[in-house]
Amino acid sequence: MNPANPLPAELSAQLSALSPTQLAWLSGYCWAQSQGAAATAAVAAAAPAPVRQITVLSASQTGNARRVAETLHAKLAAAGLNARLSGVGDFKSKSLPNEDIVLLVTSTQGEGEPPEEAVPLYQFLFGKKAPDLGKLSFAVLGLGDSSYPNFCQAGKDFDRRMAELGATRLLENGVCDLDFQAAADTWVEQAVAAVSTLAAQNTTAAAPTAAATENSGTVYTRSQPFAASLSLRQKITSRDADKDVEHIEIDLSGSGIHYQAGDALGVWPLNDEDLVAEILQLNHLNGTETVRLGDGSETDIQTALRQYLDITQNTPNLVQKYAELAAATELQEIGADSNRLADYLAENPPIATLAAHPKALDAQSLADLFRAQTPRLYSIASSQDEVGEEVHLTVGVVRFEQDGKTRTGAASGFLGERLSEGDTLNVFIEPNPHFRLPADGNTPIIMIGAGTGVAPFRSFMQQRDANGDSGKNWLIFGNRRFTDDFLYQTEWQQFHKTGLLTRADLAWSRQGNEKVYVQHKIRENAAELWAWLQQGAHIYVCGDAAKMAKDVEEALLDVIARQGKLDPEDAADYLNDLREDKRYQRDVY
């Protein structure tokens, strides 16, 4: 036995695994044992209150918020704190007043709205029946995109509202831009420290446990994507159509990648070589100049612009920084006015800013203007049970005129125009657990989509066919013209012929004298839709978040109110209950 440490080696090893709070309590307990029963009773009487309960909530649209929440949960567990991890979509909003400590990590989508899975919680907090949160302690981290005017608005709204309802803020609201990792890591460390301090004040921390994060077993991720190949690209709108929509088939052979109907495919785009050349020429660079990227690595400026930097999306930071570098007075005035800046960003890509106010920058200054490239997510349009080691996408190619030149979106142009069959592209699966078919194949479903929003419903039909599901299937689909824009027309007709597709209601906004949209079809078929809901139907919506999804929701509320004979508030509660029961799911962008 070591005189300096009289404890057995095995016990010493066990003690080393305890947290400081646990060691402090244990020392008092051991002292009491050495002093006899009276002291033991005194220590017992002074024993801390029950362990503080911590809930880490993630509200994610693309998976980033979920991953940050998983990291936070793991660090809390490693600190010996009693934390559980949950997606907001799996959390009952009305239980929030009974929570002890809540740490929320949320993204923002659309015009500052919360991500889809967080809508019930948002409506609960901002509704007429908002709860008293006087017993709750909380902190919020927001993830967003500073190129949008309402940057991280969902996180700011949640933070403000919980405080207004009486909750105690543990940490200032954190905000993270697209390049979020460093800021998120800092906030996570601060959150763990704040919760540890709170727990140590009057509680005993739980024993350290391993982080209970989900492991899907997928080898390939956004940071380690799979090098797939394009096997087929086929235009599925007519030659005369206003929009070019391409059906894309990607070969995943040898990857072992698995996905489910409802998931998304992440694609890392390569920027247009001609656009890269234009930027280099404007700055009198030959492309071989060395630059340092945000992660500390080095490469040449041409490779950086082609592969690692987002050169198609303008941002406030780019405009404001370049205005100073170029000493462009007009641009400085725009950058200082938030309203003018928002309009400017919507109309001018980075190349337009550089060309209108020419100033030859050195390679590093040029690279520093742009934020890091990010992957684009596309709803998967296939079932793996149907297509095997392939994944299908439905891509609308974004094209616009600028200074007499036709330009394309970074990813849609890459997939729908520049990539050739056989070429390589880096991809990964982004699971979407809140856009899933019912577990019971007998359950009826109603699919509402416009344009390329039909993509996941193609995967749903393939999956239900492969499963042999007997549930009824109703498609409400809208686009511009029947003759030009009925995406996957022959497949839908075949689904209907075989009986898999029970009914289809189609809306064409440019076909006749009056514009007809999917929300019109919802209202026209109100009685039938309500009857399907009474049979337990699940509703799915996919498409544009800013306009289409909002109009559809208003139509659904109208139907519920009229057919269910409910006032507007009760209709909203009914729809919110459908959300929480996973019977109303949206995949909006």
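In helix H11, which spans residues 329-336, the buried residues are Leu331, Ile334 and Gly335. Viewed down the axis of H11, these buried residues fall within an arc of 100°, so they line one face of the helix. The model is predicted.

**Helix H11**
- Thr329 and Ala336 are exposed, on the other side of H11.

**Arg161**
- Helix H6, formed by residues 153-164, contains Arg161.
- Arg161 counts as buried because its relative accessibility is 17%, and the cut-off for a buried residue is under 20%.
- A polar atom of the Arg161 side chain lies 2.8 Å from the backbone oxygen of Leu125.
- Leaving aside residues up to four places away in sequence, Arg161 touches Leu125, Phe126, Gly127 and Ala130.

**The chain as a whole**
- The secondary structure of the chain comprises 23 helices and 21 strands.
- The chain has 589 residues, of which 49% count as buried.
- Among contacts in the chain with a separation of 6 or more, 76% are between residues 24 or more positions apart.
- The accessible surface of the chain is about 26800 Å², and carbon and sulfur atoms account for 49% of this area.

Conventions:
Residues numbered from 1 in each chain as written. Predicted model: local features only at pLDDT ≥ 70, side-chain atom pairs only at ≥ 80, totals over all residues. Heavy atoms only, no water. Buried < 20%, exposed > 50% of the residue type's maximum accessible area, 1.4 Å probe, protein only. Helix = DSSP H or I, 4+ residues; strand = E, 2+ residues; numbered from the N terminus. Arc of directions from axis to C-beta. Contact = heavy atoms within 4.5 Å. Areas by Shrake-Rupley, 256 points an atom, 1.4 Å probe, with all protein chains shown as cover. Polar contact = N/O pair within 3.5 Å; in protein donor to acceptor, adjacent residues only side chain to side chain.
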